Amino acid sequence: MPDPLSILIVGCGLSGLASALALAQAGHKVTVFERSSKLQEIGAGIQLSPNATRLLQHWGVFPSVLAAGDKPEYGAFRSYRGDVLSASPPVSHPALTSEFPYIVIHRADLLRALLTGAEQDGVDITLKLSSEVQDIDFNTPSLRLSTGEVLSGDLILGADGERSRCRGLLLGRPDPPYSPGDVVYRVSVPTAGIKKGDRSWELVSRSSVNFWMGAGGHVVAYPIQEGVLNIVLVYAEGSTGGDGKVMYGPQKAGIEEFRSKISNWDPVLHELIGVEGAVCMKWTLFQIHELGGWRHGRGRFAVIGDAAHAILPCLAQGAAQAFEDAGVLGGIFSQGVTREQIPDALRVFEQVRKPRASQVRHRTLDQKAMFAFPDGFEQRERDARLRAGADYRLFEWIWGYDAFESGREAWKEALGTGRELYESGRL
């Protein structure tokens, strides 16, 4: 085996930490730079589908995730009136979730679970908080911090989120995310206030993931911590975002503002958000333009996670796609990649991940549009397809993916192709 590589990662959110864990377990020395003075995750609830929990098991942190999270027994797509259209997403389907279950969890608890992996024996990960990266020299490669300190490595990964400075440096121009006017409302509901006999009792008496679909948006509800139900509305308020304010991260909002968006929706939803102690937050959803490439031409830098392919939360794949990046990187770099092979390794990584991430992005946009149909012909067709189970193959394609194995096989194939070309005199 060659010497371990020195890998520098910018950003210590879910993407950066998962990639650090995957690459450190592959035998490399990883340093993660985070500009904040403490680790924190914006938002509350997160859904982890089997393509994500497969990797969490591979990295050895799934027990910590399961201890802090919840395994839903049931999932349903409902009309905005409350009618159940489909037992989907199939969060407890034996063919899709028996080996690698579907989990719902608080984002902060997920981050802590990943940190337990970073503390495992034999894992060489250094976290540097309060370390803001100002510039990247792609030729060295090296990072320059806001303090003026310069640090070099064999490989640099930009995992600094949708508002990524690394992405702008890669493109040679600012590349801020944009808002098409989609807003998220989140209500945290204390389930102690829901009593047997209430219309909403069925939704909290057993763990479940429930979607309501109506004109302009959709609502999803699921438990995130003991005694807390997470209710999220994704709503298209228009290009100005309703009141014209752009909100980077959660801000306090009134329950009545949430209620006004779903005024004629399922009475169960109104009962839930009316529970005493319920708290409402609101923020703007952003997208990024699809990138032509994720890596620098010199081949020792790439963007990953939301910095490369931020998507809307309409298919519950944001964290899963970041984990898939980490899984493919782990599969490639677990096979003795040398410093000289890094450009080829990143090329293979991009070839494996970029097409799939693009497909997931477009499927997410399709799902967003499907969720928000007003009453009419399209809505009736959608409901009929859901009742017939037409969405099963979509979940089968997304959830059945093994990112680590995909990366491992792609690198083996690349090495074999290179050897054949060399032996034939074409390389």
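This is a predicted model: local features need pLDDT of at least 70, side-chain atom pairs count only at pLDDT 80 or more; totals for chains, interfaces and linings use all residues.
Two strands count as paired in this report if DSSP finds at least two bridges between them.

## Sheets and paired strands

With that rule in hand, an open sheet of 5 strands can be followed in the order β7-β2-β1-β11-β18, and the pairing within this sheet is parallel. Its edges are taken by β7 (125-128) and β18 (301-303), each of which has a single partner strand, so one side of each is left without a neighbour in the sheet. On average, and with direction ignored, neighbouring strands of this sheet are turned by 15° against each other. One of the pairings joins strand β11, residues 155-158, to β18 in the parallel sense over 3 bridges, and at this place L157 stands opposite A302 of β18.

A second open sheet is made of 3 strands in the order β8-β9-β10, and here the pairing is antiparallel. The edge strands are β8 (133-137) and β10 (150-152); each has a single partner strand, so one side of each is left without a neighbour in the sheet. Neighbouring strands of this sheet are turned by 25° against each other on average, again with direction ignored. Between β8 and strand β9, which covers residues 142-145, there are 4 bridges and the two run antiparallel, with I136 standing opposite L143 in β9.

Strands of a sheet pair through backbone hydrogen bonds, either parallel or antiparallel. Strand β12, residues 182-190, has antiparallel pairings with β15 and with β17. With strand β15 (residues 228-236) the pairing extends over 9 bridges, and with strand β17 (residues 279-284) it is made by 6 bridges.

## Aromatic residues

A pair of aromatic rings is described by the distance of the centres and the angle of the planes. In this model the count comes to 10 aromatic pairs, and two of them are set out below.

| Pair | Centre to centre | Angle between planes | Class |
|---|---|---|---|
| Y80 and W265 | 6.0 Å | 45° | tilted |
| F395 and W399 | 4.9 Å | 50° | tilted |

Y80 belongs to the loop between β4 (74-79) and β5 (84-86), while W265 belongs to the loop between α8 (255-261) and α9 (267-273), so this pair ties together parts that are 185 residues apart in sequence. Both of these residues, Y80 and W265, are buried. The pair of F395 and W399 lies within helix α14 (residues 392-399), where the two residues are 4 residues apart and are therefore separated by about one helical turn. F395 is buried, and W399 is buried as well.

Beyond these pairs, F77, F211 and F371 form one aromatic cluster. Charged side chains also meet aromatic rings: R206 lies over the face of Y74 at 4.5 Å from the ring centre, and the charged end of R356 sits over the ring of W397, 4.9 Å from its centre.

Just after α1, G27 takes a positive phi of about 105°.

Is A44 buried or exposed? Its relative accessibility is 7%, and because buried means under 20%, A44 counts as buried. Leaving aside residues up to four places away in sequence, A44 touches I105, H106, R107, R186, I224 and N230. A44 and G158, by contrast, are 114 residues apart in sequence and 24 Å apart in space, taken from C-alpha to C-alpha.

Notes
Residues are numbered from 1 along each chain as its sequence is written. Side-chain values use heavy atoms; hydrogens and water are left out. Axes are lines fitted to C-alpha atoms, for helices over the stretch in contact, and angles run from 0 to 180 degrees between N-to-C directions. Rings of Phe, Tyr and Trp (its six-membered ring) pair if their centres lie within 6.5 Å; planes under 30 degrees apart count as stacked, over 60 as edge-to-face and the rest as tilted. Buried means under 20% relative accessible area, exposed over 50%, partly exposed in between (1.4 Å probe, protein chains only). A charge sits over a ring if NZ of Lys or CZ of Arg is within 6 Å of the ring centre and within 35 degrees of the ring normal. Contact means heavy atoms within 4.5 Å.
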